[in-house]
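Here is a report on a single protein chain, written for a reader who works with atoms and cut-offs. The model comes next, then the notes.

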Amino acid sequence: MSFRNVLERLEKLPFQELWGRLGAAEVRRALSRQQLDEQDLLALLSPAAEPFLEEMARQANRLTRARFGHTMQLFTPIYVADFCVNRCTYCSFSADYDFPRKKLSMEQLRREAEAIAATGLRHVLVLTGESRRETPVSYLEEVIKTLREFFPSISIEVYPLHKDEYKQLIQAGADGLTLYQEVYHRDTYSELHVKGPKRNYMNRLDAPEQGCLAGFRTVNIGALLGMYHWRQEAFFTGIHARYLQDRYPECEISLSAPRFRPYLGSFDPTSHVSDKSLVQTILAYRLFMPRSGITLSTRERADLRDRLVHLGITKMSAGVSTEVGGHTVGGGTPQFDISDERGVEEITRMLSGNGIQPVYKDWECLV
């Protein structure tokens, strides 16, 4: 049994018919239950749930405060390489684009780490493009060991690996894995991933489970909203997260709801995701997965992020750069444009003003 079996069963659902058929009664049923099922998630993501967003928000806030308190974990990404062999239509790192590619040396990485650590943050997310030749597992292992000199908690967001390779990086000091399917709709996935290993849909789908089997403390998944109908993509993300949580209770499963942002190319997503739609997605995630973390990135505007901190979010990025060596070296090509450019100090003030305690460190890997 793997998530492939669940996916194949649910792909057959007549989603558009279901969205039109679900009504207020189904939404009220979902809001009255403590343990939600697939039908409840469909109802909370349906158009019929839109008049219930305020009630959903109250429940989401109550569940979040009961399980996570008045806290918000802060982190920042650290891009170490932008070499990529994939041709993806929505990413600046695509092999289609001709720009000077970069990979940090360990000396450059230390300077980058020092700059980030000086802000007080103690959790980073390591990112690369997808190139096993330029950023092999041995390089990733060296990166993690170097960063362990500065940070007690290190997550990775790299190309899909196998269980034994993930174990190697865990042994080096990594404790978290982030991997987005990007889009669960298979035909759209094929259209967006033109060439390269990322074109292998199933390999990417299986990778989060490989991370759970390897022993990561946390695994974070998500879909890039805007690539296909957002309700359907949010549904499959939630179901995938529930599958992992039920099968691997020792692993903390988290969700993200990133929206498409401008990048080096001209791709225009086919599905518009409004602020209201994003809010509905986040609220549905919280009600469906009460004990899961939910991350909100700097893809979103500062004013929107400020309002969403009470609606189920447990983790936020701050002081973000999406270019290699962006905290010290500069001059690189961003993977995508961020929207909230505030630094750690500004985000901390915002959270404190909202009665939320920023958490710079909530975990220490004892490797």
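## Salt bridges

Glu134 pairs with Arg133 in a salt bridge, with the closest N and O atoms 3.6 Å apart. The term covers a side-chain nitrogen of Lys or Arg within 4 Å of a carboxyl oxygen of Asp or Glu. Arg133 is exposed, at a relative accessible area of 71%. Here exposed means over 50% relative accessible area, buried means under 20%, and partly exposed is in between (1.4 Å probe, protein chains only).

This is a predicted model: local features need pLDDT of at least 70, side-chain atom pairs count only at pLDDT 80 or more, and totals for chains, interfaces and linings use all residues. Residues are numbered from 1 along each chain as its sequence is written, and side-chain values use heavy atoms, with hydrogens and water left out.

The whole structure holds 31 salt bridges. One of them joins Arg29 to Asp40, with the closest N and O atoms 2.5 Å apart. Arg29 sits in helix α3 (residues 24–32) and Asp40 in helix α4 (residues 38–45), so the bridge ties together parts eleven residues apart in sequence. Helices here are DSSP runs of H or I with at least four residues, strands are runs of E with at least two, and both are numbered from the N terminus. Arg29 is partly exposed, at 38% relative accessible area. Asp40 is buried, at 0%.

Another salt bridge joins the side chains of Glu130 and Arg204, at 3.0 Å from N to O. This pair links distant parts of the chain: Glu130 is in the loop between β3 (123–127) and α7 (137–147), Arg204 is in helix α10 (residues 201–214), and 74 residues separate them. Glu130 is buried, with a relative accessible area of 9%. Arg204 is buried too, at 6%.

| Salt bridge | Distance |
|---|---|
| Arg29 and Asp40 | 2.5 Å |
| Glu130 and Arg204 | 3.0 Å |
| Glu134 and Arg133 | 3.6 Å |

Salt bridges also form a network. It links Arg259, Asp275, Glu300, Arg301, Asp303 and Arg307.

Strand β7 (residues 218–222) and β8 run parallel and are joined by five bridges. Two strands count as paired if DSSP finds at least two bridges between them. Thr218 has Glu252 as its bridge partner in β8. β7 also pairs with β5 in the parallel sense, over three bridges. There, Gly176 stands opposite Thr218 of β7.

How many residues of β7 are buried? Five of the five are, so the strand is largely enclosed by the rest of the structure. In a regular strand, side chains alternate between the two faces of the sheet. Both faces of β7 are covered: Thr218, Asn220 and Gly222 are buried on one side, Val219 and Ile221 on the other. Strand β8 (residues 252–256) has four of its five residues buried, so β8 is also largely enclosed by the rest of the structure.

Asp175 lies in the loop between α8 (163–172) and β5 (176–178). Asp175 counts as buried, at 4% relative accessibility. Its side chain makes a polar contact with the side chain of Ser153, at 3.1 Å. A polar contact is a pair of N or O atoms within 3.5 Å; within protein, one must be able to donate a hydrogen and the other to accept it, and residues adjacent in sequence count only if both atoms are side-chain atoms. Leaving aside residues up to four places away in sequence, Asp175 touches Pro152, Ser153, Ile154, Phe216, Arg217, Thr218 and Trp363. Contact means heavy atoms within 4.5 Å.

Glu182 is in the loop between β5 and α9 (186–192). Its phi is positive, about 75 degrees, although Glu182 is not a glycine. Glu182 is buried, at 10% relative accessibility.

Cys251 is in no disulfide either; the nearest cysteine sulfur, that of Cys212, is 4.1 Å away. Cys91 is buried at 12% relative accessibility, and Cys251 is buried at 3% relative accessible area.

Methods. Disulfide = S-S within 2.5 Å.
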